[in-house]
Structures are given as structure tokens and as C-alpha cells.
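Here's a quick walk through some charged pairs and a greasy bit of surface. Have the structure open while you read.

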Amino acid sequence: MSEITRGIKNFMAHRFSLSEDKADEAVIIEAIRKNVDFKGANLWALIFAVFIASIGLNVNSTAVIIGAMLISPIMGPVMGIGLGIGINDLELVKKGGKNLLVATLFSILTSTLYFYITPLHEAQSELLARTSPSIWDVFIAFFGGLAGMVAASRNERSNVIPGVAIATALMPPLCTAGFGLATGNWLYALGALYLYFINSVFIAIATFLMARYIKMHRKHFDDPGIGKKVNRYMVIVVLITIIPSVVMAYRIVDKSIFETNARKFVEERFRFHNTQVVSKSYKYSQKNKEIDLLLIGNELSKQELDSLRLHLNDYKLRGVKLNIRQGLNAKQEIDFSQIKASIMEDVFSRQQRTDTVKATVKTPAVADTSVLAELKVLYPGIRSFGISSMVVHTAEGRKADTLKVALAGFGSAIRPADRIRLEQWLRVRYKTAGIRLIVQ
């Protein structure tokens, strides 16, 4: 048994070893130290990246935001702080902190300037995603920082660092904070800055842990109390960062579960022949959760309403308040525009389904002139072309089948190989395998 255990340990040690291809410590430290400074080219690159990211958030373009994150050099000071703590280099920690502060201020000022002068002031989904951080952002930043330090300690550079820059997303929160300041929305600004703080702290912590794991040489403090003080400060910063994010994550998950259960409850329990739900909203707060419904049609009796409320427990909605407004003569304000929109949406949806069924069963035999023009290039001898859907019945009485029949007329007979190739081309052109070709 000990031989098997030893074999497994050796296998794991070999597979997870970071000693192979590890760069010299002096090279690792110098490479990270070089990216800590924010002056000259680094500062210009940062400002340009901020403008690009701000435009991407403004027009809701994910590709543009990703490009900005690849350009931005802002990870340098963060990793410098983590490495400095890991090797007890307080000078590197101070240098990284000072440059991170410079980079943060310039980024916020640049993004605030952009959002102040841009004519587009609507908060798009990409921007809103950076205003509510949670515990998952902690995990992303932590594992991203681990991957970044592993990549930085290798002799050969890979695409890991750019990937970490995209995953941990330090740049977009700063631009979102600029949007909040430019538009006077302090909640957006604070939420985005908190997300930026989370990412920075946990990238630094991951860098610190990886530096210790690969056993980089540490400087010794003349005063042992300094090392203890640094570790104590780290624990305090981690707790200050992670506790609010855990609370926010709990609220996000709890709200999502509540809305899912409430939606399922309404869909399954409010199926009445002469009564319809035309408006529904799910209100979530820490103290109260409510389902607010507006019904039209025949009014539900008190017994039916009581029965519906009893079924709330079946959907894990214990304690949820069910508000039902019904009857056009109720002493409540009814949003007729919302009712109209809901009815029109339902009618439109049904009409679409009807049109789809009709198109599937029967399509008029109309010559497709655009396809005919393409076919004339491929087959100069073609004279006519048409395609239509047809329902085919079998003598055995099996279920009828619907397929497309294409009719192609040529001036002279075509070869069998050309006929097969034409049929295959039509299947690709119309994106369906159910095509029969008839050649005249």
C-alpha cells in the first residue's frame, strides 16, 4: 500500500511541479518591477486603453472592451504589490502602491472626461455588470492572479497574462466609476470602485501566495515585528474586501432563486379558462418579498385566492406576499398601456406561430429569382428554376411528410454528376436536407 501511495505522490509531484521552465528569480522580479512604473509609454497606453474601454461600455461592445483590457498595463503595479509582500520587499510594495494610485486616478479622470462629453448617457448592460460585485469576482480575481504569477515565473512568455487581464477586468470598473461620477450616479461609482478594489486585492494576494509557493527568496526584516504587522494588515484588508462581497453574493443568489420560483408558481397555478395574467412583477428586498399580479377576465373567488396562497409553500415561497388585483372596477390604478402591450404581444406571438405552421405546410411555388441568378453563373445552360414545399402522403397510411421540391429546366440534358452536385448545392443554399430535385 505504501508503494502505491508513494507512486501517486510522485506522479502528482511530477505533474504539478513548477520548477521546470522556471525563470531565474532575478529575471522574474525585474520583469514585474519594470511593469510597475506608470510613466512615459505605460501611462500613455493606460490613457488610450481607458478611452477605448469607455467607448466600448458606452456602445455596449464586448469586443472593444476586451481589446482595451489587452492594451491596459494596469496589472503591473498590482502584481508588484503582491510580489513585494511575498518576498518581503517593502520598497517594491510602496512603489507598486504609489503607481497603482497614479494609474487609478488617471483612469478615473480620463473616463469621467469621456462620459462627460459623450452624447450617449444611457447605462448599457456591459456597464451595469460592473456595478454589483459579488463573491464570484473574488474567485475570478484570485485564480486569475495565480495564473498570472505562474506565467510571469516562466522562461517563455505565453498568452496567459493577456487572458488574466481579460478575466480579472481591472479596466472596465474604473471606466464605470468615471461614468458614475460624470452622470452624478454615486451608487454606480461606489459599486464599480469596490469591484476594482476586489480585483486588485485578490490579484495581489494570489501573487503573494504563488511567490511563497514557488519558494522565492525572501528578504529578512531587521525587526521581526514588521513581518507580523504586514501579515496582520493583509488579513484585515482581506476581511474588509471579502465580507461585503459575500453578503452581496448571497442577496444575488437569493433574489434569483425567489424570482425563478415565483415565475414557476405564476406559470403553473394561474391557468384559468376565462381569467388571464396581464401584468406581473416580483419585488425583492431583505425584509419583504412580494408577487404582484394584475388579472383581467372573470374574477377569482376568495376560496380560489386562498387556495393559491396555500400553494406558495409548494414553490419554496414561504412568507412571500401575494398581491392580486382584478376587475376593471377595482379601486386601484390600472396601467392600461401595460395591459394593451401584453395583449398585443400575445396576439403577435400567436400570429407568428400560425404563420410558421402555414409556411411549413404550404409555400406558394414562386420562382426564386436571386437563386436563379446564382445558378446561371454555375450552370449557364439553365433556363428556369422554381421551388415549393409539398406535403407527401404514403399509400401505407404513415404520417405525411413535408419536403421541398425544386424544378430546374435546362436547354439540354445535364450529366448525372452535375445533377447530384446541383441537388447538394440547393440543400446547402436553403439549409435543409429535405430537398428533391426534378430536372426537365
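## Salt bridges and a nonpolar patch

K95 and D37 pair up in a salt bridge, with their closest N and O atoms 3.3 Å apart; the term means a side-chain nitrogen of Lys or Arg within 4 Å of a carboxyl oxygen of Asp or Glu. K95 sits in helix α6 (residues 90-117) and D37 in the loop between α2 (25-34) and α3 (41-59), so this pair ties together parts that are 58 residues apart in sequence. Helices here are DSSP runs (H or I, at least four residues), numbered from the N terminus.

Before going on, a word on the ground rules: this is a predicted model, where local features need pLDDT of at least 70 and side-chain atom pairs count only at pLDDT 80 or more, while totals for chains, interfaces and linings use all residues. Residues are numbered from 1 along each chain as its sequence is written, and side-chain values use heavy atoms, with hydrogens and water left out.

How many salt bridges does the structure hold? There are nine.

| Pair | Closest N to O |
|---|---|
| K95 and D37 | 3.3 Å |

K302 and D306 both belong to helix α13 (residues 302-310), four residues apart, or about one turn of the helix.

Now for how open these side chains are. Buried means under 20% relative accessible area, exposed over 50%, and partly exposed in between (1.4 Å probe, protein chains only). K95 is partly exposed at 26% relative accessibility, and D37 is partly exposed too, at 23%. K302 counts as exposed because its relative accessibility is 59%, whereas D306, at 32%, is partly exposed. In the last pair, D418 is buried at 12%, while R415 is exposed at 55%. Elsewhere, salt bridges with shared partners join K283, D292 and R325 into one network.

On to the greasy part. W136, F139, I140, F143, I252, V253 and I257 make a nonpolar surface patch of about 640 Å². Patch members have over 30% relative accessible area and no salt bridge, and nonpolar side chains (Val, Leu, Ile, Met, Phe, Trp, Tyr) are joined within 5 Å. Which elements give two or more residues to the patch? They are α8 (135-152) and α12 (224-269), with α8 providing the largest share, four residues. I140 is found in α8, and at 40% relative accessibility I140 counts as partly exposed.

Technical notes. Patch = residues over 30% accessible without salt bridge, like charges linked within 9 Å, V, L, I, M, F, W, Y side chains within 5 Å. Areas by Shrake-Rupley, 256 points an atom, 1.4 Å probe, with all protein chains shown as cover.
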